[in-house]
Amino acid sequence: MRTLIALAVVAFALPAVAKPWQGVEPGVTKKDEVVKKFGEPSRTVSQDGKETIAYLGKEAIKGTSQAQFKVDAGGVIERIDVFPGPIIDKETIETSYGPACPSGPVPAAPCYQRKLTDDFRTYFLYPKLGLAIFFNEDGKTVQSLTFTTQKAAK
């Protein structure tokens with residue numbers, strides 16, 4: 001079982017337009033709507049005035065091994081961390097969300113910037129989508145996807 005994690009590599013906070021996941025949009029959707037849609041969470045953890053609700057085990061959302069929703073003090077989802085159940089590779093990510101950003105001006109279409117975490121693991125940041133995709137140690141398969149507001153993803 002994966003523990004609840006905080007991905008401090010990417011700072012997430014302020015509401016703005018974000019890419020929704022399963023109909024849940026960071027900065028817009030309320031915690032009550034998430035619970036109504038997915039049922040009671042497996043775990044709820046409170047820390048620093050915020051709450052994280054997690055769906056794992058038998059409550060895992062279809063297609064995931066775990067999904068975590070970080071809730072701000074006002075009850076609004078500010079971030080979603082998704083741990084996929086099936087194996088997802090880089091090619092699937094690029095096909096689904098867009099290719100690497102070219103050097104020079106950033107195009108209008110979504111593209112990713114390749115980054116490294118503090119522990120030297122690769123992640124793709126799609127600033128226009130409010131999406132960060134973290135890879136396993138193999139650097140080829142997805143560990144988790146983090147959906148947040150576009151403003152926070154910059």
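**Strands, helices and a disulfide**

Visitor: How do you know that strand E4 (residues 77-84) and strand E8 (residues 142-148) pair?

Guide: Strand E4 and strand E8 are joined in the antiparallel sense over four bridges, and two strands pair if DSSP finds at least two bridges between them, so E4 and E8 qualify. In E8, Leu-145 is the bridge partner of Val-82. The names follow DSSP runs, numbered from the N terminus: helices are H or I with at least four residues, strands E with at least two. This is a predicted model, in which local features need pLDDT of at least 70 and side-chain atom pairs count only at pLDDT 80 or more, while totals for chains, interfaces and linings use all residues. Residues are numbered from 1 along each chain as its sequence is written, and side-chain values use heavy atoms, with hydrogens and water left out.

Visitor: What makes strand E1 (43-47) and strand E5 (113-116) edge strands?

Guide: The open sheet has eight strands with antiparallel pairing, in the order E1-E2-E3-E4-E8-E7-E6-E5. Strand E1 and strand E5 each pair on one side only, and they are the edge strands.

Visitor: Which strands does helix H1 (residues 31-38) touch as it packs on the sheet?

Guide: Helix H1 touches strand E2 (50-56), strand E3 (64-71) and E4, where contact means heavy atoms within 4.5 Å. The direction of H1 makes about 10° with that of E2 (axes are lines fitted to C-alpha atoms, for helices over the stretch in contact, with angles from 0 to 180 degrees between N-to-C directions). Helix H2 (residues 90-97) also packs on the sheet, touching strand E6 (122-126), strand E7 (131-135) and E8, and its direction makes about 5° with that of E6.

Visitor: How do you know that Cys-101 and Cys-111 form a disulfide?

Guide: Their sulfur atoms lie 2.0 Å apart, and a disulfide is a pair of cysteine sulfur atoms within 2.5 Å, so the pair meets the definition. The torsion about the S-S bond of Cys-101 and Cys-111 is about 90°, so this disulfide is called right-handed. Both Cys-101 and Cys-111 sit in the loop between H2 and E5, ten residues apart.

Visitor: Why is Gln-68 called buried?

Guide: Gln-68 has a relative accessible area of 1%, and buried means under 20% (exposed is over 50%, partly exposed in between, with a 1.4 Å probe and protein chains only), so Gln-68 counts as buried. Cys-111, with a relative accessible area of 5%, is buried as well. The place of Gln-68 is in strand E3.
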